[in-house]
Amino acid sequence: MKFVALLIPFAILLSMVKGQLVPAMFIFGDSIVDVGNNNDLVTLIKANFPPYGRDLAHHEPTGRFCNGKLEIDIIAEGLGFTDQQPAYMSDKANGEMLLIGANFASAASGYYNATATLYNTLSLSQQLENYKEYKNKLTAITGKSNASSIISNGIHLISFGSSDFLQNYYINPLLFTSYTPNMFSDILIESYDNFIQNLYELGARRIGVTTLPPLGCLPAAITAFGHGSNQCVARLNNNAISFNNKLHHRSQRLKRRFSNLSFAEVRRACCGTGLLETSILCNQHSIGTCSNASQYVFWDSFHPTEAAKKILATNLSNSGDSL
């Protein structure tokens, strides 16, 4: 009888033992994927208080901008993770928990560093620095070779852009009087390009990026820019479409440049009046909060409910825009 030695990288072996399809996930972005990194920051942009998190298993807020799970939680479960990637700024991000990756996302952050500066949150540059620090910690735990394997075989998910437009460009005279939406989106794309190159140099090889949603159909956008109408704001949606097209083309260019890099590219909300509330404006004292969030697409005026996120997560897993 012959025995054949199989040289399986530590990261792959670890994920096989645990029943995971990938060894780790690394998440960068804004409130769409933030799981609590803003909790201890001196900022108004946080969600670590009721009614956020009320439909989670323990019915407590975690810093997620939702009534329940985020898309990233559902994707992680679908990939076989029994534990969620911890918020890097939290106490949970240490020891063996670092083996499954980490979440670096921060609400009100964006491709444009100044977006996060406005709200005192973690900018794209700071998230990258935290990732470098994480990599050093991982190397100390598993050794350089194993850490490199976890990084290269793990999925890096990026979700920025919404805050750049809705929480900065559209409301900032210094920006919208200096740049057209087309010019501003070009700035964001260049930042995206640089970020991908930085991740690649640090060992990332599997990257997923999300496109912008129809910004003009978000409750807060209709309230702020709809001029009293109850309809989606067409110009905001058109800007999002234009940005998404640029993102797709740039992703394809990056994929050609780095041949071993793989990429996977309703109106009223539940909380309060459903028209403007988010973060501190969505709280346990908000008048009019719905009793059954599963009947709503949006939880607050920016963020989908858990029910909607399950649909979004399934679509992302099946047909995400891969680089």
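**Reading packing and salt bridges in a predicted model**

Colleague: Which residues does Ile158 touch, once residues up to four places away in sequence are not counted?

Modeller: Contact here means heavy atoms within 4.5 Å, and Ile158 touches Phe28, Tyr111, Phe195, Ile196, Leu199, Ile207, Gly208, Val209 and Thr210. Bear in mind that this is a predicted model, in which local features need pLDDT of at least 70 and side-chain atom pairs count only at pLDDT 80 or more, while totals for chains, interfaces and linings use all residues. Residues are numbered from 1 along each chain as its sequence is written, and side-chain values use heavy atoms, with hydrogens and water left out.

Colleague: How many residues does the largest nonpolar core have, and which have the most contacts inside it?

Modeller: A nonpolar core is a set of buried Ala, Val, Leu, Ile, Met, Phe, Trp, Tyr and Cys residues joined through side-chain atoms within 4.5 Å, where buried means under 20% relative accessible area, exposed over 50% and partly exposed in between, with a 1.4 Å probe and protein chains only. The largest such core has 50 residues, and those with the most contacts inside it are Tyr131, Tyr134 and Ile158. Among the elements that give two or more residues to this core are strand E1 (25-29), H4, H8 and helix H10 (234-257), helices (H or I, at least four residues) and strands (E, at least two) being DSSP runs numbered from the N terminus. H8 gives the most, with eight residues. A second, separate core of 17 residues includes Val35, Leu70, Ala76 and Leu157.

Colleague: At what angle do helices H4 and H8 cross, and which residues make the contact?

Modeller: Axes are lines fitted to C-alpha atoms, for helices over the stretch in contact, and angles run from 0 to 180 degrees between N-to-C directions. The axes of H4 (residues 124-142) and H8 (residues 181-201) come within 12 Å and cross at roughly 5 degrees. That makes H4 roughly parallel to H8, because angles under 35 degrees count as roughly parallel, over 145 as roughly antiparallel, 65 to 115 as roughly perpendicular and the rest as oblique. Leu124, Leu128 and Tyr131 of H4 meet Ser191, Phe195, Asn198 and Leu199 of H8.

Colleague: Is Phe104 buried or exposed, and where does it lie?

Modeller: Phe104 lies in the loop between strand E2 (101-103) and helix H3 (113-119), and with a relative accessible area of 1% Phe104 is buried. Leaving aside neighbours within four places in sequence, its contacts include Phe26, Phe28, Tyr88, Leu122, Tyr131 and Tyr134.

Colleague: What accessibility do the partners Arg64 and Asp73 have?

Modeller: Their side chains meet in a salt bridge at 2.8 Å, N to O, and Arg64 counts as buried at 11% relative accessibility, as does Asp73 at 3%. Asp55 and Arg54 also form a salt bridge, at 3.9 Å between the closest N and O atoms, but Asp55 counts as partly exposed at 37%, and Arg54 counts as partly exposed at 22%.

Key
Salt bridge = Lys/Arg side-chain N within 4 Å of Asp/Glu carboxyl O.
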